There are 2 protein chains.
Amino acid sequence: MNDRRVTASVLIIGNEILSGRTQDLNLQYIAQHLNTRGVVVSEAHVIPDVHTTIVNSVNDARRRHDYVLTTGGIGPTHDDITAECVAAAFNLPLVVDATIEKRIRSRPAPPDIMENRLRMARIPKGAELIDNLTGGPPGFSIENVYVMAGIPSVLQAMLPTIDFDGGSIIRSCSVTAYMGESEISRELGTIQEQYGSGIDLGSYPFNRDGRFGTTLVMRGTDTNQLSNMLEDVKQAIRNRGQEPGEVSYDWDRS
Amino acid sequence: MNDRRVTASVLIIGNEILSGRTQDLNLQYIAQHLNTRGVVVSEAHVIPDVHTTIVNSVNDARRRHDYVLTTGGIGPTHDDITAECVAAAFNLPLVVDATIEKRIRSRPAPPDIMENRLRMARIPKGAELIDNLTGGPPGFSIENVYVMAGIPSVLQAMLPTIDFDGGSIIRSCSVTAYMGESEISRELGTIQEQYGSGIDLGSYPFNRDGRFGTTLVMRGTDTNQLSNMLEDVKQAIRNRGQEPGEVSYDWDRS
C-alpha cells in the first residue's frame, strides 16, 4: 500500500456513448470499485472510435496517472480498434495471443466466423491478460494501461480480477438535512476550510417524495477526521434550527 | 445552417461523478438534444471541482470546438466554483448580474441565506444568460462556452432554451440481427469501407430475454445513403441465413 494518493484516468471509448445511443454505466462502477482499492479516479474522458484520438488519449493519460483503464472497442467488428490503438501508443506490434486464441477456438464455429472472432485474440506484444469471468475473451494490460470491454456485464467480470497497488482507502460518510443548500452553505465553507484539502465536503440537493433537502457528503482517508467533521456538520444543521436526518458511514465502526 | 461538421465538447464538472456517488445522466441527454440541432458531441470530459483543472479544460475545449457545454458547479456552496473558473479562463472579472440578483431576491429569505444564494448571481463580466425554465437561477454563456446546472432536471430546463447554429442533422437507422457480432463482422467492415467515413456503422450486441443478437446502427447526414446502407446490411444478414429483425429510422419517411 502506498501512502501517497494513487490516481486513475478512465477512457470510455465508443461513438455510441457520444451519440447518446448508449448510457455509460461503467464509470460509476469503476470509480466505486477503485475506491475500495485505494485508487482515486481523478478524471474520465469519453472519446470516439478514432485512431489518433485513442492513441493520444492513452499516451497522455498513462504519463499523468498511476493507472489508465479503458472500456470499449475490443469486440470482433471493424469499429473495435482499441487493441491496435493501444499497441500503437506503446509503439508495439499487435500479435495473436496463443492463450486467447485457444480459448476462442474452444467454441467451434465455421472458419470465416472463427477468423472474425480471432480479432479478439490480438494484443500488443508482451501485454498481460486480464481474466474474463464470463468465460469470453480476456482483456489485457500493458504497463499501467488496462484494456477492458465496454459491455457492463463483461467489464464487471474483468475489473475485479485486477490487483491494484492502491493507497489509503477513501472512506465516506454523510448526513441529510431537510433544508436548501444556501441555508447552510456558509457554514459548510467554513468547515471545509478548517479541515483543509485532505477531506472533501460536498453538498447535493435532492427532492424525495416532494420534500427538498441536501445530502452532505464527506470523503477522505482518515476516519477520525471524517467522524469529527460529521459532528461539526450535524452541529451546523442544529444551529440552523433543524435536526440532522439520516447518517451513513461506508466503513465498519464496530 | 452550416454545411461543415459542427462539434461540441461536454465538460462534466463534479467530484461526485468521479467518486461514483452520482451516475451522470447529462451526457446522454445533451448528446441526443444536440443531434437534433446538427451539433456532434465529439468528446466529453469528467473533471473534478479543482480550479486549475476546470480553467485549463475550458480553455483547451473552447479552442478546439464550436461549442463547449459544462454541467455542474453553479450552486450556492463552497464547492461550486465553475463560474469563477470560467471567468478566469476568459481572464474576466466575476460580477453580480442584476437580472439574476433580482430573480433570486424575489424569493424572500433571511439576509445570511440570501447572501449565500446570491453566489449564484455571479457571472463573468459580459456573459449572457441561459434561461432556466424551472424559475431558478439561470446559467450563462460567454463566447462559445455554455455553463449549465448539474442536476438533470435543471439542465433539461436550460439546454432547450439555447439556440445552436448547427450543421446538417445526424440521422440514424438500425436493424437487429439474431446472431453474434462475429458472424457478420467481416461483411459489416466491407460495407463500412464502401460507404466511407460519411456514415458510421456500429454494431452493438444485446441479450434480450435470453436471446442473443446484435443491433446494427447507421449514423450520418444523408438519409438516402443511410437507406442504401441499411438495405446492404439487411442483405448481409440474409446472406448469413437469417431474416433481419426490427428496423427503425429516426427521421420521417412519409
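Q: How many aromatic pairs does the structure hold over all chains?
A: The model is a predicted one, and the tally of aromatic pairs is taken over all chains. Counted in this way, the number of aromatic pairs in the structure is 10.

Q: Which geometry, stacked or edge-to-face, describes the pair of Tyr67(B) and Phe164(B)?
A: Planes under 30 degrees apart count as stacked and those over 60 as edge-to-face. The ring centres of Tyr67(B) and Phe164(B) lie 5.0 Å apart and their planes stand at 85 degrees, so the pair is edge-to-face.

Q: How many residues apart in sequence are the parts that the pair of Tyr67(B) and Phe164(B) ties together?
A: Tyr67(B) belongs to strand β3 (residues 67–71) of chain B, whereas Phe164(B) sits in the loop between α7 (152–158) and β9 (171–177) of chain B. Tyr67(B) counts as buried at 9% relative accessibility, and Phe164(B) counts as buried at 8%. The pair therefore ties together parts whose separation in sequence is 97 residues.

Q: Which residues have the most contacts inside the largest nonpolar core?
A: The largest nonpolar core has 106 residues. In chain B, Leu69(B) touches residues including Val10(B), Ile30(B), Tyr146(B), Met148(B) and Phe164(B), with residues up to four places away in sequence not counted. The residues with the most contacts inside this core are Leu69(A) and Leu69(B).

Q: In β11(A), which residue is the bridge partner of Phe206(A)?
A: Strand β10 (residues 200–208) of chain A is joined to β11(A) by 9 bridges, and the two strands run antiparallel. Strand β11 (residues 211–220) of chain A is mostly covered, with 8 of its 10 residues buried. Arg208(A) lies over the face of Phe206(A), at 4.1 Å from the ring centre. In β11(A), the bridge partner of Phe206(A) is Gly213(A).

Q: Which residue takes a positive phi in the hairpin of β10(A) and β11(A)?
A: This hairpin has 2 residues between the strands. The positive phi there is near 50 degrees, and the residue that takes it is Asp209(A).

Q: In chain B, which residue has the C-alpha nearest the axis?
A: Chain B is superposed on chain A by a rotation of 180 degrees with 0.0 Å of shift along its axis, at an RMSD of 0.0 Å. The two copies are thus related as by a two-fold rotation axis. In chain B, the C-alpha nearest that axis lies 2.2 Å from it and belongs to His45(B).

Note on methods:
Residues are numbered from 1 along each chain as its sequence is written. Chains are lettered from A and ligands numbered from 1 in the order in which they are written. This is a predicted model: local features need pLDDT of at least 70, side-chain atom pairs count only at pLDDT 80 or more; totals for chains, interfaces and linings use all residues. Side-chain values use heavy atoms; hydrogens and water are left out. Copies are superposed by least squares on the C-alpha atoms of residues with pLDDT of at least 70 in both. Rings of Phe, Tyr and Trp (its six-membered ring) pair if their centres lie within 6.5 Å; planes under 30 degrees apart count as stacked, over 60 as edge-to-face and the rest as tilted. Helices (H or I, at least four residues) and strands (E, at least two) are DSSP runs, numbered from the N terminus. Buried means under 20% relative accessible area, exposed over 50%, partly exposed in between (1.4 Å probe, protein chains only). A charge sits over a ring if NZ of Lys or CZ of Arg is within 6 Å of the ring centre and within 35 degrees of the ring normal. A nonpolar core is a set of buried Ala, Val, Leu, Ile, Met, Phe, Trp, Tyr and Cys residues joined through side-chain atoms within 4.5 Å. Contact means heavy atoms within 4.5 Å. Two strands pair if DSSP finds at least two bridges between them.
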